[in-house]
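The entries follow in the order I made them.

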Amino acid sequence: MIDWLRSHPALSAHRLAPIVVLVVFLGAAAAGGVVVASGNIVLIGLAVGTIIGTLLLNAAGIVIWTVLVGTLLVAGPLAMHVPALGRIQWIFSVMGFLLIGAAMLHAGADRDIRRGPMPAFVILALLFMTYAIAMLTVSDGSLAQAASAIKRYFQYYGLMFALATIAFVPRKVFGWLKFLFALALIQLPFTLYQFFVLVPQRQNMPRSVVPVDIVVGTFEGQIDAGGNSNAMVFFVVLVGAGILALYRESLLKGWKLPVALGLCLAPLVVGETKTAMVLLPLALLVIFIDNVRRRPAAFAAGTVVASFLTAGLGYLYLVGPAVNDGRVMSLERAIETNLEYNIGTQGYLGNSSLNRSNVIPFWWSQHVPRDYPGLVAGHGLGSTAQRTGAMGESGGEMDRKYPGMYIGLTTASALLWDLGVVGFSLYMLMIGAAIVTAIGLVRKAAPGFDRAFCRTLLAGAVLLVPMVFHSDMMIIAPSMQVLTAFLLGLIAWRARASTRPAA
């Protein structure tokens, strides 16, 4: 009977294929109609993103362009001024997930022996993702919590996997780099508008709203709440490092250097993101580290200049836009306040919350000696999701257990609570392995653009380390997630490239 069915001409593959395709499209159309009729903007965004992403599954380059432009340029300003359209980010999130599918398809069909082996950090990223999802099977969280957490953690890992598996031509990659360079240069007019127009509008808002936090450039921000200024700082510092790397290779000379560097880094002066005081010196150190032995005098002079610049930024951040009860703080009071909620006992987000210095010690105190399984394996993805965040009013089970303490204040603490020492170690090993890969690329790079490109990739990978311990935006902020995944993807692409990129 089975053999007869297989051999029947009416059931041949070429006859059945159109019928199957027709049924699938009719089903998709019906489902789409139901979703649109529901009026749920989240579901509509998911449906639109799925349809567009599926159609572009074999055009990964276009999907990457859409994700980069949509997440880093369009979504932030649009959601800031038209909050009802904030869910547009879901479209790009779906595309990010579909890039994982595209990467899998290309990985299975890759037969190019000229390409290098898959970098270890990409394998670690896949292991981290697999472990995190597998641990959901023993988590006490709800299905909704699991789905939301998977989206928050992994929505843009497809960028990394696609760049690691698809042999994009250097010309296409260089086009993305030019877009990012142009994006860094246009942050200044956005930040000036936000500083001179939006910051004054926020002066009389509740005490929890810090006026200057809205200075975010094209990145995420809410006029009546907080903003993702740290991602903007990470981005412009990284592009600034790239500009200096080009200067080292004599590819950017004369008046172009100060103009490009000034436009790129000027937003650091307008905003009040103290992260720059760590990221900027660290980026400069990575770009010029080999001059320690080659040109020690020049390196020492550069260190002095960088120190003065960092001190100047610190002074501006402390006494410039810092406002307390409508009055500008004195320098002494500003320093005292910053020390209290960074290395003291004052909560970063209120008196009952934790801060960066005690959030990890608190995690340790709650697991040793009372909960060793949680110490090792965590409590499941999304366990630290805040009640006012992605999980809505319910939040994650650990957040409900410690209300108002913000135990997931940083990426590091959220990883430890959600996935334990094992998950945190896999994540940090992934970044560490990416740094090692980038160091190898710099050593083998050809002089000129290739070496500048590899130095910039190394600087970016190193800058990810302090970001893990600074805030939770690496697992909640789409812009930072895109920058992280794209950066790691570029390192993987360059490590496997059979030809070197040229400007």
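I took helices (H or I, at least four residues) and strands (E, at least two) as DSSP runs, numbered from the N terminus. On that basis I found Ser250 in the loop between α11 (229-248) and α12 (256-265).

I noted the ground rules next. The model is predicted, local features need pLDDT of at least 70, side-chain atom pairs count only at pLDDT 80 or more, and totals for chains, interfaces and linings use all residues. Residues are numbered from 1 along each chain as its sequence is written, and side-chain values use heavy atoms, with hydrogens and water left out.

Overall. I counted 24 helices and 2 strands in the protein. Of its 503 residues, 49% are buried; buried means under 20% relative accessible area, exposed over 50%, and partly exposed in between (1.4 Å probe, protein chains only). With contact meaning heavy atoms within 4.5 Å, residues 24 or more positions apart account for 73% of the contacts with a separation of 6 or more.

Backbone. I kept in mind that most residues other than glycine have a negative phi, and most peptide bonds are trans. Ser250 has a positive phi of about 60° and is partly exposed, at 44% relative accessible area. Tyr406 also has a positive phi, near 55°. Tyr406 sits in the loop between α20 (397-401) and α21, and is partly exposed at 23%. A cis peptide bond joins Val368 and Pro369, with omega about 5°. I placed Pro369 in the loop between α18 (359-365) and α19 (372-377).

Helix pair. At what angle do the axes of α6 (residues 120-134) and α21 (residues 411-444) cross? I read roughly 170°, and the axes come within 8 Å. Axes are lines fitted to C-alpha atoms, for helices over the stretch in contact, and angles run from 0 to 180 degrees between N-to-C directions. Angles over 145 degrees count as roughly antiparallel, so α6 and α21 are roughly antiparallel to each other. The contact includes Phe121 and Phe128 of α6 and Leu419 and Met430 of α21.

Terms used: Angles under 35 degrees count as roughly parallel, over 145 as roughly antiparallel, 65 to 115 as roughly perpendicular and the rest as oblique.
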